[in-house]
Amino acid sequence: MTPTARRSLRQSLRLRLVGRRSRMISATLALVLAGTMGASSPAAFADDLEDQQAALREEAARVQHSLEFVDGRIAQAAADLVLYQGQLPGAQQALLDAQGRVAGAVQEVEALAARVDLAQQNKAKITQQLESDKQKIADTRKLIGQIATQAYKSGGVPSNLSLFFGSNQGGSLTDTIDLADQALRSQNSAMDKLTQQNATNVNAQARLAAVEAEITDLKAKADAALAREKAARDEAEAKKAAVDKLIADTTRLDAELQAAKPGIQNQLAQVKAQQDAVAAEIAERDRKLREAWEAEQRRIAEAAAAAARARGQAVQPYVPPAQGSPSAFGLRHPFPGNIPITSGFGWRATPPGTIDFYGQGGYMHTGIDFGAACGTPVYAAAAGTVFSAGWANDGGGNNVKISHGVVQGNSLTTIYYHNTSVTVSVGQHVAQGQLIAYSGTTGNSTGCHSHFETWLNGRAVDPMNLL
C-alpha cells in the first residue's frame with residue numbers, strides 16, 4: 001500500500017468515525033425524546049421476546065376492544081399507540097446493539113489497516129535490503145573477477161598487489177610470497193562473502209514473498225471488514241429509521257388522541273347513555289317477566305290450596321319458590337367450538353401510558369368477544385323470543401336480542417352485536433341452535449367479530465358461567 005493509499009484509508013476511516021459519532025448523537029436525542037412519551041407497556045418487561053410481542057398485541061387488542069362502541073378509527077389509533085409505545089424500547093435497544101456492531105467493525109478495519117501498513121513497511125525494508133545485497137554481490141563478484149584476471153596474467157600470482165593493498169612499491173621475494181598468500185586468503189574470503197551474500201539474498205527473497213502474501217491476505221481481510229462495516233452501518237441506519245418512525249408515529253397518535261379526547265369522551269357518554277337505556281329496558285322487561293312468573297306460581301299454589309281445602313285437607317301458608325340454578329337454561333355456544341374468544345368479560349383497566357377516555361381508570365366489558373370471521377353463522381344460545389333485531393343506535397350495529405323467559409325463578413336475555421345481517425325478526429320465537437344472524441363488523445367495530453352478552457335477572461353476567 002503506497003503512502004497515498006494509506007493516507008486515503010485513514011482519511012476514510014476518520015470520516016466514517018465522525019459520521020458514526022453524529023448518528024450516535026441523533027440516536028441519543030431520540031432516546032431522550034422517547035423518554036418523554038410516558039410509561040412503556042408492561043409487555044416490555046416480559047422475559048421472552050415472543051412473549052413480549054404476544055402480550056403487547058393482546059394489550060393493544062384490549063385497548064381497541066375498549067373503544068369498539070365509539071369509533072373504529074380512534075380505536076385503531078389507540079391500539080396502535082399502545083403497540084408503538086411497547087415496541088419502542090426494543091427498537092431502541094436494537095439500535096444500540098447495531099451501533100455497537102458498527103463500532104466493532106470500525107475497530108476491526110482500523111486494526112487491519114495498521115497491520116497492512118506495518119506489512120508494507122516490512123516490504124519496503126526487505127526490498128531496500130535486497131537492493132543493497134544486490135550491489136554488494138555485484139561488487140564482490142567484480143573483485144573476484146579482478147583477482148582471477150590478475151592471477152591469470154601473472155601465472156597464478158598477481159603482479160600488482162596494490163589491487164588488494166593499495167601500494168605500488170615492490171619488495172623482497174619473501175614479502176612478495178607473503179603478499180601473494182594474503183591475496184589468496186583475500187580471494188577465499190571474497191568467495192565466502194559472496195556465498196553468504198547469496199544466502200542472505202535467497203532468505204530475503206523468501207521473506208519478501210511471505211510479506212507480499214501476507215499483504216494480499218490482509219488486504220482481502222480488510223476489504224471483507226469494510227464490507228461488514230458497511231453492512232453494520234446500513235443495519236444501524238435501518239434501526240435508527242425504525243426508532244425515528246416509532247417516535248414520530250407515537251408522537252402523532254398521542255397528539256391526535258389528546259386532541260380527539262373531548263369528542264371521544266362525549267361519544268362515550270352518549271354510548272353509555274344508550275347502553276344504560278338498553279340495560280334499563282332489559283331490567284324492566286325481566287322484572288315484569290319474573291313478576292308474572294311469580295304471580296303464576298302463586299296462582300297455581302292458591303288453586304292447589306283451594307282444592308286441598310275442598311277435600312278437607314290442611315293447607316300450608318304460601319312460600320314463594322326458591323330460585324334455581326341458571327344452568328337450567330342449558331345455554332350453548334352461539335358459535336362452533338373452534339371459534340376463539342378474543343376478549344373476556346369483566347373490568348378493563350386503562351393500560352399504563354395510554355389515555356383514560358373513561359375517566360375512571362378503565363371500563364366494564366359486559367360481554368365476551370368471539371373472533372369470528374365476517375359471515376360466520378350465529379346461533380341462538382337457547383330457545384326464546386326475539387325482542388330486537390336489525391340496526392340499533394347503541395354502537396352494536398346489526399343486533400339480535402332474545403328473551404329466554406323465566407326458568408326456576410331466573411330471567412335471562414342474550415344479545416348478539418356487530419352482525420353483517422340478521423335472519424330473524426322482532427316477536428319471532430326461535431329454538432336453541434337456530435340460525436339468527438351472520439357475524440360481521442357493523443356499528444362501532446374495528447374488525448370482524450361477535451360481541452355476546454348474557455343478562456341474568458336484569459344484570460350483565462359472565463357468559464362463560466352459563467355456557
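This report walks through a predicted model, from its disulfide to its strands, cores and salt bridges.

## The disulfide

The model holds one disulfide. Cys 374 and Cys 448 form this link, with their sulfur atoms 1.8 Å apart. The angle about the S-S bond is -90 degrees, and the link is left-handed. A disulfide is a covalent bond between the sulfur atoms of two cysteines.

Both cysteines sit in loops. Cys 374 lies between strand E4 (368-370) and strand E5 (377-379), while Cys 448 lies between strand E10 (435-439) and strand E11 (450-456), so the pair ties together parts that are 74 residues apart in sequence. Cys 374 is partly exposed, at a relative accessible area of 37%. Cys 448 is partly exposed too, with a value of 37%.

Seven of the seven residues of E11 are buried, so the strand is largely enclosed by the rest of the structure. Both of its faces are covered. On one side are Ser 450, Phe 452, Thr 454 and Leu 456. On the other are His 451, Glu 453 and Trp 455.

E11 pairs with several strands. E4 runs antiparallel to E11, and three bridges join them. Here Ile 368 has Phe 452 as its bridge partner. Strand E8 (residues 410-422) also pairs with E11 in the antiparallel sense, over six bridges. In E11, Trp 455 stands opposite Thr 413.

Strand E12 (residues 459-461) is another antiparallel partner, joined to E11 by three bridges. Leu 456 has Arg 459 of E12 as its bridge partner. The two strands form a hairpin with two residues between them.

## Two residues with positive phi

One of the turn residues in this hairpin is Asn 457. Its phi is near 55 degrees, a positive value in a residue other than glycine. Asn 457 is partly exposed, with a relative accessible area of 23%.

His 418 also has a positive phi, near 70 degrees, and is likewise not a glycine. This residue lies in strand E8 rather than in a loop. Is His 418 buried or exposed? At 0% relative accessibility, His 418 counts as buried, because the cut-off for buried is under 20%.

## Nonpolar cores

The largest nonpolar core has 24 residues. Those with the most contacts inside this core are Leu 331, Val 400, Ile 402, Tyr 416, Val 430 and Ile 436. Which elements give two or more residues to it? They are E4, strand E7 (397-407), E8, E10 and E11. In soluble globular proteins, nonpolar side chains tend to be buried together.

Leaving aside residues up to four places away in sequence, Leu 331 touches Ala 381, Ala 382, Leu 412, Thr 414, Gln 432, Thr 454, Leu 466 and Leu 467. One of these, Thr 454, belongs to the buried residues of E11. Another core lies apart from the largest one and has 21 residues. Its members include Val 82, Tyr 84, Leu 88 and Leu 268.

The whole structure contains eight salt bridges. Side chains of opposite charge can pair when their charged atoms come close.

Arg 252 and Asp 249 form one of the salt bridges, at 3.4 Å from N to O. They are three residues apart in helix H5 (residues 173-310), so about one helical turn separates them. Arg 252 is partly exposed, with a relative accessible area of 42%. Asp 249 is buried, with a value of 10%.

Arg 287 and Glu 284 form a salt bridge with their closest N and O atoms 2.5 Å apart. Both lie in H5, three residues apart. Arg 287 is partly exposed at 32% relative accessibility. Glu 284 is partly exposed at 30%.

Arg 299 and Glu 296 meet in a salt bridge as well, at 2.5 Å from N to O. They too are three residues apart in H5, about one helical turn. Arg 299 counts as partly exposed, at 46% relative accessibility. Glu 296 is partly exposed at 32%.

Notes:
Residues numbered from 1 in each chain as written. Predicted model: local features only at pLDDT ≥ 70, side-chain atom pairs only at ≥ 80, totals over all residues. Heavy atoms only, no water. Disulfide = S-S within 2.5 Å. Helix = DSSP H or I, 4+ residues; strand = E, 2+ residues; numbered from the N terminus. Buried < 20%, exposed > 50% of the residue type's maximum accessible area, 1.4 Å probe, protein only. Pairing = 2+ DSSP bridges. Core = buried A, V, L, I, M, F, W, Y, C linked by side-chain atoms within 4.5 Å. Contact = heavy atoms within 4.5 Å. Salt bridge = Lys/Arg side-chain N within 4 Å of Asp/Glu carboxyl O.
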